[in-house]
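Subject: Structure for you to look at

Hi there,

Here is the structure I promised to send over. Could you open it alongside the notes below?

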Amino acid sequence: MVDHLTKNVRSWNMSRIRSRHTKPEVIVRSLLHRSGYRFKINDSKLPGRPDIVLPKYKTVIFVHGCFWHRHKNCPKATTPSTNKEYWTKKFRNNVSRDNEVKKELEKLKWRIIIIWECEVINDPLSVLNEIVCKLEKNVSKGYSIDLDRNKILKLAEKRSKYLINREKQKS
Ligand SMILES: [Zn+2]
């Protein structure tokens with residue numbers, strides 16, 4: 001019985017760790033950092049513990065996994081064919097939680113930028129550009145990233161693994 005509980009807690013912790021340093025999240029973080037932006041990550045003082053918080057811009061960024069957060073019309077937002085009822089309920093809860101978090105943050109006057117996993121993986125530099133445009137409004141901020149998509153993905157893969165391992169050792 002004890003072992004059973006421990007196992008549940010452990011797997012819960014693991015899933016939280018994994019969802020904290022996903023590859024798309026790491027990509028967005030490192031591209032923003034390279035562009036000179038400074039931010040906090042996973043600020044637990046804010047509703048929904050946003051992935052990236054830019055206090056200077058009063059902006060939070062969520063890097064959503066397409067599967068868990070149900071990216072509309074995205075091929076990654078599939079529903080497993082077994083335990084359909086379980087999954088449908090789980091997804092519904094995730095989406096309604098996202099909506100609640102959004103409302104809470106808006107009440108606190110935060111601007112929210114939602115980035116989808118597939119967008120980041122397909123074209124990380126466009127996503128960066130989109131974020132910068134939103135942050136800087138009409139001002140075009142000259143930034144240059146001397147990396148191509150493959151390099152970005154490779155670096156993020158390494159960094160994501162490293163961070164997840166480091167968290168595992170801490171817990
Ligand atoms: Zn998607």
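This is a predicted model: local features need pLDDT of at least 70, side-chain atom pairs count only at pLDDT 80 or more; totals for chains, interfaces and linings use all residues.

Residues are numbered from 1 along each chain as its sequence is written.

The largest nonpolar core has 21 residues, and Ile27, Val28, Ile52, Ile61 and Ile115 touch the most other members. (Such a core is a set of buried Ala, Val, Leu, Ile, Met, Phe, Trp, Tyr and Cys residues joined through C-beta atoms within 7 Å; buried means that 20 or more other C-beta atoms lie within 10 Å of the residue's own, with C-beta atoms placed from the backbone.) Elements supplying at least two residues each include α2 (23-34), β3 (59-64) and β4 (111-116), and α2 gives the most, with five. Helices (H or I, at least four residues) and strands (E, at least two) are DSSP runs, numbered from the N terminus.

Now to β3: five of its six residues are buried, so this strand is largely enclosed by the rest of the structure. β3 runs antiparallel to β2, joined by three bridges (strands pair if DSSP finds at least two bridges between them), and Val53 has Val60 as its bridge partner. Four residues separate the two strands of this hairpin, and Lys58 in the turn has a positive phi of about 45°. With β4, β3 pairs in the parallel sense over six bridges; there, Thr59 stands opposite Arg111.

Best wishes

Technical notes: A residue is buried if 20 or more other C-beta atoms lie within 10 Å of its own, exposed if 12 or fewer, and partly exposed in between; C-beta atoms are placed from the backbone.
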